[in-house]
Amino acid sequence: MEFRFEWVSALAQGLPLTLNITLTCIAVGIVFGVLLALGRVYGNRPIRWLISGYIQFFRGTPLLVQLFIVYFGLPNWGITLSRYTSAILALGLNTAAYQAEYFRGAIQAVSGGQMMAARSLGMTMPQAVRHVILPQALRLVLPSWSNEFILMLKYSSIVYTITLYDVMGIGKRIANRNFKFFEVFVIVALFYLALVFIVSMVLRFIERKVRIPGLGSSGEVRGRRQRIFGRGSA
Amino acid sequence: MSKLLRVEDVHKSYGTEEVLKGVSFDMEKGETKVVIGPSGTGKSTLLRCINRLTPADRGRVWLGGEEITHTRTNINKIRAQIGFVFQSFNLFSHLTALGNVRIAPMKVKGMGKAEATQLARTELERVGLADKADAYPAELSGGQQQRVSIARALAMFPQLILFDEPTSALDPELIGEVLEVMVALAKEGMTMLVVTHEMGFARAVADEIIFMEHGVIVEHGPPAQLFSHPEHARTGEFLNKISELYGETD
């Protein structure tokens, strides 16, 4: 067993890229994911069908294959993207498909009565979605959506295959040079473990911050307790 | 003729079942009418056809001079003038009582936040919930939630409020506080169309009771007349049954 501190500092230089790719893709995924989910819930049949096809494709094929299609495949059609852009495109479109499914579930979990009440007050459909449905759906989705964030953080490591030097990419290079695969990759693993831990903490903090009584899991527990002790204005 | 609401020959079917088979009536400004009838008779559907939450298959509805059922009518503008109070309250779960009351004036009418907040506080006070402004729906009792939802409707200064069994989802001890608010509104001259079985309320403030069965209006008239001299045997039968079931709460 061998340990060199210079490995750690070298790996740390991959952190900005790992975080950059993860955060950018998650952001792309939120925007597209919400749009796809809205289209799938409220769109007409062709739109729903198209979105469903998109989601099926990205959930039904390996992420690595998607990345290779974008980076190695598109140049055959005259579309050459940088390694970074390819990574963002492939991972972003992929996570958008998964996020869309989470968002769709949450939008459908908001009761129909909420939409009806909003419309009865004179809100247009987009106003109702924006001011009533989404604020609730996004809170409901947070716990399961957090999972997707963490998965994305780990999946971002596949960008080493198109020679991007994120934490994994740098790890691969150090390991190859020193033939210290076990040691180096264990350190790489610890890097990801630490990142996942920090991200989980941040997400849990946000969850607590935006929590509203009666909305989401905490509310259900609360509701149950109230029922046991009897309802009332107290 | 200056009727505030005119409902003319409204039909509605769900699949092969015709729920409304041609319903017509009208309302003057300031009137309170109570719709009663066995469940599955189309009372709720009728209310929803009025503000087009459910589109009618046939027939027409006017609010003042404007035909609500016309496809060219801006339905959102109409709905902003017609309050709707749901059996299950349907308060927005992510907003406080205050937020629930001020959101429509802000987003639908473009009222400024400060002004809307002021208005919301006034309306909450009107339903006796000034102290609950910052509570979320889950923190309120059913009766309080329904009062907030009435305040939410009032904040739009509606010409008419439709109540769809507003007390049916409430525990018995909470019904009174909601009816109290509704009685006060009726006395202030609000135009109200109320689906309810609370005969105490009907006797106290209704100008007319409309008895519906199997998708048609069987009989309508002032409460006193319907209670003492119903034209149809069926009306008397039904009134006796619900008076027995719900008791006379006045």
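Reply: A residue is called buried if 20 or more other C-beta atoms lie within 10 Å of its own, exposed if 12 or fewer do, and partly exposed in between. In this predicted model, buried residues make up 50% of the 250 residues in chain B.

Me: What does the radius of gyration of chain B say about its overall form?

Reply: A compact globule of 250 residues would have a radius of gyration near 18 Å, and because chain B has 18 Å, the value agrees with that expectation. The C-alpha trace of chain B spans about 55 × 45 × 35 Å along its principal axes, and its secondary structure comes to nine helices and 10 strands. Of the contacts in chain B with a separation of 6 or more, 64% are between residues 24 or more positions apart.

Me: How should I read confidence, and over which residues of chain A is the pLDDT below 50?

Reply: Where pLDDT is low, the predicted coordinates should not be read in detail. Chain A has a mean pLDDT of 90, with 92% of its residues at 70 or more; over residues 218-234 of chain A, however, the pLDDT is below 50, although this stretch has 15 contacts in the model beyond near neighbours in sequence.

Me: Which residues have the most contacts inside the largest nonpolar core?

Reply: In soluble globular proteins, nonpolar side chains tend to be buried together. Here the largest nonpolar core has 124 residues, and those with the most contacts inside it are Phe103(A), Ile133(A), Ala137(A), Val35(B) and Leu162(B). Helix 7 of chain A, residues 125-155, gives the most to this core, with 13 residues. A second, separate core of 10 residues includes Trp7(A), Leu11(A), Val167(A) and Ile174(A). To return to Val35(B), its contacts beyond neighbours within four places in sequence are Lys43(B), Leu46(B), Leu193(B), Val194(B), Val195(B), Ile210(B) and Met212(B).

Me: How many residues does each chain bring to the contact between chain A and chain B?

Reply: Chain B brings 25 residues and chain A brings 26 residues. On the side of chain B that touches chain A, the elements giving two or more residues are helix 2 (75-79) and helix 3 (97-107) of chain B, and by class that side has 12 nonpolar, eight polar and five charged residues.

Me: Are Arg52(B) and Glu165(B) buried, exposed or partly exposed?

Reply: Arg52(B) is partly exposed because it has 19 other C-beta atoms within 10 Å, whereas Glu165(B), with 21 such atoms within 10 Å, is buried. Ala233(B), in helix 9 (residues 233-246) of chain B, is exposed, with 8 other C-beta atoms within 10 Å.

Me: Which strands of chain B does strand 1 of chain B join, and how do they run?

Reply: Strand 1 (residues 5-14) and strand 2 (residues 17-27) of chain B run antiparallel and are joined by eight bridges, with Val7(B) partnered by Phe25(B). Their hairpin has two residues between the strands, and in it Gly15(B) takes a positive phi near 65°. Strand 1 of chain B is also joined to strand 4 of chain B, again antiparallel, by five bridges; there the bridge partner of Leu5(B) is Leu63(B).

Definitions and conventions. Residues numbered from 1 in each chain as written. Chains lettered and ligands numbered in written order. Predicted model: local features only at pLDDT ≥ 70, side-chain atom pairs only at ≥ 80, totals over all residues. pLDDT = per-residue confidence, 0-100. Contact = placed C-beta atoms within 7 Å. Helix = DSSP H or I, 4+ residues; strand = E, 2+ residues; numbered from the N terminus. Rg over C-alpha atoms; globule rule 2.2 N^0.38 Å. Nonpolar A, V, L, I, M, F, W, Y, C, P; charged D, E, K, R; others polar. Core = buried A, V, L, I, M, F, W, Y, C linked by C-beta atoms within 7 Å. Pairing = 2+ DSSP bridges.
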